[in-house]
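Here is a short briefing for a reader new to this structure. Start with the sequence and the model shown below.

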There are 2 protein chains.
Amino acid sequence: MKNILLLGAGRSAPVLITYLRNQARQQGWQLSVGDAMADHLQHLALPGILRVLPITVADENGMQQEIMAADLVISLLPAALHPVIARWCLQYKKHLITASYASPEIKALDGAAREAGLLFMMEAGLDPGLDHMSAMAAIQKIKRAGGVLTAFKSYTGGLVAPESDTNPWHYKFSWNPRNVVLAGQGTARYLEQGQVKFIPYHQLFKRVEPLQVLSLGVFEGYANRDSLPYRDAYGLSGIPTLLRGTLRRQGFCQAWHQLVALGLTADDYVLENSEQLTYRQFLESFLPATPCPQTWEQRVADYLGLAADSAELDRIKWLAFPPEAILLPQATPAQVLEKLLTRKWQLAPDDKDLVVMQHILEYQSGGKHHRLTASLVVRGEDARDTAMAKTVGLPVGIIAKRMLQGQIAQRGVVIPTHADIYEPVLAELEHFGIRFVEEEEVIS
Amino acid sequence: MKNILLLGAGRSAPVLITYLRNQARQQGWQLSVGDAMADHLQHLALPGILRVLPITVADENGMQQEIMAADLVISLLPAALHPVIARWCLQYKKHLITASYASPEIKALDGAAREAGLLFMMEAGLDPGLDHMSAMAAIQKIKRAGGVLTAFKSYTGGLVAPESDTNPWHYKFSWNPRNVVLAGQGTARYLEQGQVKFIPYHQLFKRVEPLQVLSLGVFEGYANRDSLPYRDAYGLSGIPTLLRGTLRRQGFCQAWHQLVALGLTADDYVLENSEQLTYRQFLESFLPATPCPQTWEQRVADYLGLAADSAELDRIKWLAFPPEAILLPQATPAQVLEKLLTRKWQLAPDDKDLVVMQHILEYQSGGKHHRLTASLVVRGEDARDTAMAKTVGLPVGIIAKRMLQGQIAQRGVVIPTHADIYEPVLAELEHFGIRFVEEEEVIS
């Protein structure tokens, strides 16, 4: 009897739990779902099949007992906890699957994991995860047909479906709000026409590329932190243009740029008096004083050089920055903004979210220059079974199933860029309606 | 026989050395000048009066010997070295004077220094130093006359004199170029009309205030990192408006803002291929690629939204970013920019630099609202005896003299905000032509 231990049952977990519960029932496996707040999961318990386990990483003994009893550990815990989980997996010789980036600390365990005959599969969710798998499938298809890649660009976004889109930002949170608020901090690095290019954070949201996605209309993409490692990871050495980015509805970035320009996303200092401030006062502390009284909207517009009827100002007005107490002591500006946005951009229970991914590959073949666009659109069911939970959870679940079935040969710290890993995952995802649409054109 | 040990004989030291050498001769003291590169100082040696000493902090034994033999240590070494120098001063019971900020590490030695009967006088140069002394003199003058301060703003700049101003930035380096390149990074914090205000780095050089300084024309000021501690330091608790800033010639900041916007001042990552780059390629890596060939000047203008005849673009063109190898391995963007600017903004041997300081104090008195503006302008003699070296060195020298004469009673870690310290210094500075000009007006 195989035991799966799933750690972390937050926003991205519901679809994975359903998938693994079905698999466990069919295959005669057992699933333990461990989470700090396990009460809301008790209704999922199924004697002999699914056990709900209130546990935190702080309970080191309990955690080690559970890992010892498992055949496979899946972690959807925050990425920062993965090094300790991975070391326990090494100690008790257990395979590990996560949807988080393979950090340098995790990569350092590669040799030891190989030696112990273990698979540490990282980046097995949506982004990172499905992005790698579908990118590699498209790249390999072109390479097998003799094409020479000249450009690879890839964008992913967790958004809101048009039918649930009720705000001028055209955005709601389907995953960790903090990551959205801090997105892009630092300097973005990518390849363009053979040159390494840098975009500082305060320019990032002005440097967007418009993207048409199937019949959904125009989106926009901004560059992720560092695209250069994907030359090696995707087997694209020598490619002149390479960029991985994030996708938003048109107009989002230009308005978000204004919040960055104000300084509201700073996370490197604390507002000493944040507990005494209202959201309005918080905003005021980033605006110069004016000699004559003016509305806050006028002052924002004047300071940022925005027209009174601009789309950016509309979006900022909608945030309202109400004169209500923030009630967060010693908060950074980013934490205050996150608290406000969490309220404004919350998915209502029946809202459907939307995951959109697009790869754009340009290549030379038969003396012509081609473009292959591969697009994915996934709708959520509601605020619980989100598109985000599907596209993070199902790849993880399918890889877990195949691992327990002995169908994955790789060992060590691995990301799913191997054809024998991603091909069956992509095939099974199609049964769940997760399918890329390809468009081909000759561009010159 | 009193012994003075001066550590560090860089750009700010020449005038201090001359002053102390004269004092030593008059008072029968001895002066030892220790520097890593002491050769260029040998011509100053004067048997029995001034000894030149090749020494670095790495030579711990030699350094401790010298400190042991001194009655007073003056350090113009980089601020990062002051904690170790201060601990040796504590160990060997020696007074210490520096022109650097009193860091938390230095402040932590206050109790021990007091107990040992030692003066650790920090911030005794220009900025910090003379700024505190002259600000306190002006504040005390208003308070003594019964005025109630409503605003205090203070700006200092190390610039180039009009007769030596040969470039469109109206700027040359009279002190550490690295500090100029990194100036303002982080978030500036100040008080305006009773509110704490924040300015993120990427807005800082757009938020300038025009300042008329005597007959020298218009300058502009931008906010320093954190003005709030000066409420306590200057005895200004409850003041609604408080800002300390840096002063530049008009137009400098708007053009510097463009370099910041490009990302050229970033110091938090390394250009891995910097050794293979030219300055032109360095600039290119911050510009998006364009489909058609264009001059680099056009591309900068398009990207930043600058008119072809704008003053910002003129200044950027003058920097030229030549297609020459940078020859700096593993450099940050800021280090590359510093190398280019060091060449472009170098003082020629006969150039005169200019130190400008202005305090603007607003206060209520006799039912009216007044403004007192106190301005200082100091010209350098040449590229060696700069205004910077005068205004850093002379306050340090005068305080050193008075300390050795037993005229300074304070002990512990002290900055020169006490009337019995700054009044004699300001008085003696007038003999050297360093004198504030006051302008008074009733504003309402």
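A salt bridge is a side-chain nitrogen of Lys or Arg within 4 Å of a carboxyl oxygen of Asp or Glu. Asp351(B) and Lys172(B) form such a bridge, with their closest N and O atoms 2.7 Å apart. The model is predicted.

**Salt bridges within a chain**

- Side chains of opposite charge can pair when their charged atoms come close.
- Over all chains, a search of the whole structure finds 40 salt bridges.
- Which parts of chain B does the pair of Asp351(B) and Lys172(B) tie together? Asp351(B) lies in the loop between helix H14 (333-344) and strand E13 (353-365) of chain B. Lys172(B) lies in the loop between strand E7 (148-160) and helix H7 (177-182) of chain B. The pair therefore ties together parts that are 179 residues apart in sequence.
- Are these two residues buried or exposed? Asp351(B) counts as buried because its relative accessibility is 10%, and buried means under 20%. Lys172(B) is buried too, with a relative accessible area of 5%.
- Arg87(A) forms a salt bridge with Glu105(A), and the closest N and O atoms are 3.8 Å apart. This pair links distant parts of the chain: Arg87(A) is in helix H3 (residues 82-91) of chain A, and Glu105(A) is in helix H4 (residues 104-107) of chain A, 18 residues apart.
- Arg87(A) counts as partly exposed, because its relative accessibility is 42%. Glu105(A) counts as partly exposed at 46%.
- Arg343(A) pairs with Glu324(A) in a salt bridge, with the closest N and O atoms 3.2 Å apart. Arg343(A) sits in helix H14 (residues 333-344) of chain A, and Glu324(A) in the loop between helix H13 (311-319) and H14 of chain A, so the pair ties together parts that are 19 residues apart in sequence.
- Arg343(A) is partly exposed, with a relative accessible area of 44%. Glu324(A) counts as partly exposed at 39% relative accessibility.
- Asp127(A), Asp131(A) and Arg244(A) are joined into one network by salt bridges that share partners.

**Aromatic rings**

- Trp169(A) and Trp256(A) form an edge-to-face pair, 6.4 Å centre to centre, with 80° between the planes.
- Where do these two residues lie? Trp169(A) is in the loop between strand E7 (148-160) and helix H7 (177-182) of chain A. Trp256(A) is in helix H10 (residues 252-262) of chain A, so the pair ties together parts that are 87 residues apart in sequence.
- Trp169(A) and Trp256(A) are both buried.
- In chain B, Phe205(B) and Trp256(B) form an edge-to-face pair. Their rings are 6.5 Å apart centre to centre, with 65° between the planes.
- That pair links distant parts of the chain, 51 residues apart. Phe205(B) is in the loop between helix H8 (201-204) and strand E10 (209-212) of chain B, and Trp256(B) is in helix H10 (residues 252-262) of chain B.
- Phe205(B) is buried, with a relative accessible area of 1%. Trp256(B) counts as buried at 1% relative accessibility.
- One aromatic cluster in chain A includes Trp169(A), Phe205(A), Trp256(A) and Trp345(A). Also among its members are Tyr171(A), Phe173(A) and Tyr222(A).

**Charges over rings**

- Lys344(A) lies over the face of Trp318(A), at 4.5 Å from the ring centre.
- Arg244(B) lies over the face of Tyr230(B), at 4.0 Å from the ring centre.

**Interface of chain B and chain A**

- How many residues of chain B are in contact with chain A? The contact involves 30 residues of chain B and 30 residues of chain A.
- About 2,400 Å² is buried between the two chains, and carbon and sulfur atoms give 50% of that area.
- Two salt bridges are counted between chain B and chain A. In one of them, the side chains of Arg189(B) and Glu272(A) meet at 3.5 Å, N to O.
- On the side of chain B that touches chain A, strand E8 (187-192), strand E9 (195-200), H8, H10 and helix H12 (296-304) each supply at least two residues.
- E9(B) gives the largest share of that side, five residues.

Notes: Residues numbered from 1 in each chain as written. Chains lettered and ligands numbered in written order. Predicted model: local features only at pLDDT ≥ 70, side-chain atom pairs only at ≥ 80, totals over all residues. Heavy atoms only, no water. Helix = DSSP H or I, 4+ residues; strand = E, 2+ residues; numbered from the N terminus. Buried < 20%, exposed > 50% of the residue type's maximum accessible area, 1.4 Å probe, protein only. Phe/Tyr/Trp six-rings, centres within 6.5 Å; stacked < 30°, edge-to-face > 60°. Lys NZ or Arg CZ within 6 Å of the ring centre and 35° of its normal. Contact = heavy atoms within 4.5 Å. Buried area = accessible area lost by both parts, 1.4 Å probe.
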